[in-house]
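Have a look at the structure, then read on.

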Amino acid sequence: MADRKALNHELSKLFNEMWDMDVNRFTPGKDYAIELQGKADAVLQGDSVVQDSAARHLFHYVNEERLKNIKTFATFISLLDNYETSTGVEEIVTPEEIAENNCFLDAILMTGVMKLAHEYLLKKKLAKPNLADFKYQLYDIWFQLYPRKEGDRPDSCGFEHVFVGETRRGKQILGLHNWVQFYLQEKHKQIDYKGYIARKNKTRPDRDDQVLSIQFSWKGSVKPIGSTFIGVSPEFEFALYTIIFLLSEERVTRKTVKIEEYELQIVVCRHGRHIGTAYPVLLNTSNED
């Protein structure tokens with residue numbers, strides 16, 4: 001169970017300002033529609049066979065024109081096929097992929113959301129004023145490769161884990177906390193949505209909820225509980241997780257915030273100078289990684 005730490009009012013205020021400024025966010029019922037279907041059964045990490053409480057896809061409709069035409073989404077999507085998802089397999093980064101990473105960072109740094117994040121971090125003396133320096137800092141935090149397990153070759157990075165997803169020995173899904181990747185993998189019949197995880201104080205989520213806890217299978221493994229923002233822009237998630245990462249030197253940081261109607265614990269795990277994982281936990285649901 002997520003620890004119920006005191007609500008962080010400063011971060012709640014900042015993240016709500018970022019939420020309001022997120023002009024690229026998709027609107028439920030207009031830009032996309034989801035079908036929640038049934039409640040998922042409790043399963044253990046490593047189970048490969050689970051009850052399917054959802055016969056249909058989670059995403060019933062997504063406005064793909066918007067995905068293609070909004071620069072931050074388009075450049076984000078171009079990064080999703082750049083990774084070998086199995087941990088333990090060395091990542092080879094091509095010059096083209098480095099250029100794609102830079103295009104994405106350039107696009108998000110132009111947004112109001114990232115500008116607000118940069119201003120906040122400047123006030124805290126956690127970022128440099130020069131945008132090129134800030135971009136370099138973001139690149140190091142998110143895209144610098146490292147071994148996920150000691151002794152392995154560089155097989156992972158924060159971006160791959162959080163936004164693309166990884167698998168361990170074909171038995172475990174790591175990360176994959178992004179709605180666009182989920183939608184695209186579902187569209188290509190790689191992901192099978194198994195049902196929603198309910199919050200204790202709410203019998204079931206609504207179609208317009210923009211934070212969900214769900215269960216799904218991917219590449220032969222099951223994620224018993226995965227939580228994700230739905231509809232938000234890549235820059236919103238990048239800004240949110242970067243701020244929490246830079247505010248603390250702890251290996252694991254948990255900040256309790258209220259964004260819109262959602263009381264969340266934002267969890268960010270460090271891997272040295274880089275992000276290990278980052279995700280939102282809807283309070284009153286359980287843990288994950």
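## How the helices pack

H1 and H5 run roughly antiparallel to each other, because the angle between them is over 145 degrees. Keep in mind that this is a predicted model. The angle itself is about 155 degrees, and the axes of H1 (residues 9-21) and H5 (residues 112-123) sit 8 Å apart. The crossing of H1 past H5 is right-handed.

Which residues of H1 and H5 meet? On the H1 side you'll find Glu10, Leu11, Leu14, Glu17, Met18 and Met21, and they touch Gly112, Val113, Leu116 and Tyr120 of H5. By type, the residues of this H1 and H5 contact come out as seven nonpolar, one polar and two charged.

H5 has another partner in H6 (residues 131-143), with the two axes coming within 12 Å and crossing at roughly 95 degrees. That angle falls in the 65 to 115 range, so H5 is roughly perpendicular to H6. From H5, the contact uses Met114, His118 and Leu121, while H6 brings in Leu131, Phe134 and Leu138. Sorted by type, the residues between H5 and H6 are five nonpolar, one polar and no charged.

Here are the two pairs side by side:

| Helix pair | Angle | Axis distance |
|---|---|---|
| H1 and H5 | about 155 degrees | 8 Å |
| H5 and H6 | roughly 95 degrees | within 12 Å |

Now for the wider view. The chain holds nine helices and ten strands. Of its 289 residues, 56% are buried. Take the contacts with a separation of 6 or more: 67% of them link residues 24 or more positions apart.

Lys189 is not a glycine, yet it has a positive phi of about 60 degrees. You'll find Lys189 in the loop between helix H8 (179-187) and strand S5 (191-196). Is Lys189 buried or exposed? Its relative accessible area is 69%, which is over the 50% cut-off, so Lys189 counts as exposed.

Glu260 is also not a glycine, and its phi is positive at about 55 degrees. Glu260 belongs to the loop between strand S8 (252-259) and strand S9 (262-271). With a relative accessible area of 42%, Glu260 is partly exposed.

Technical notes
Residues numbered from 1 in each chain as written. Predicted model: local features only at pLDDT ≥ 70, side-chain atom pairs only at ≥ 80, totals over all residues. Heavy atoms only, no water. Helix = DSSP H or I, 4+ residues; strand = E, 2+ residues; numbered from the N terminus. Buried < 20%, exposed > 50% of the residue type's maximum accessible area, 1.4 Å probe, protein only. Contact = heavy atoms within 4.5 Å. Axes fitted to C-alpha atoms, helices over the stretch in contact; angles between N-to-C directions. Parallel < 35°, antiparallel > 145°, perpendicular 65-115°, else oblique. Left-handed = near helix turned anticlockwise from the far one by under 90°. Nonpolar A, V, L, I, M, F, W, Y, C, P; charged D, E, K, R; others polar.
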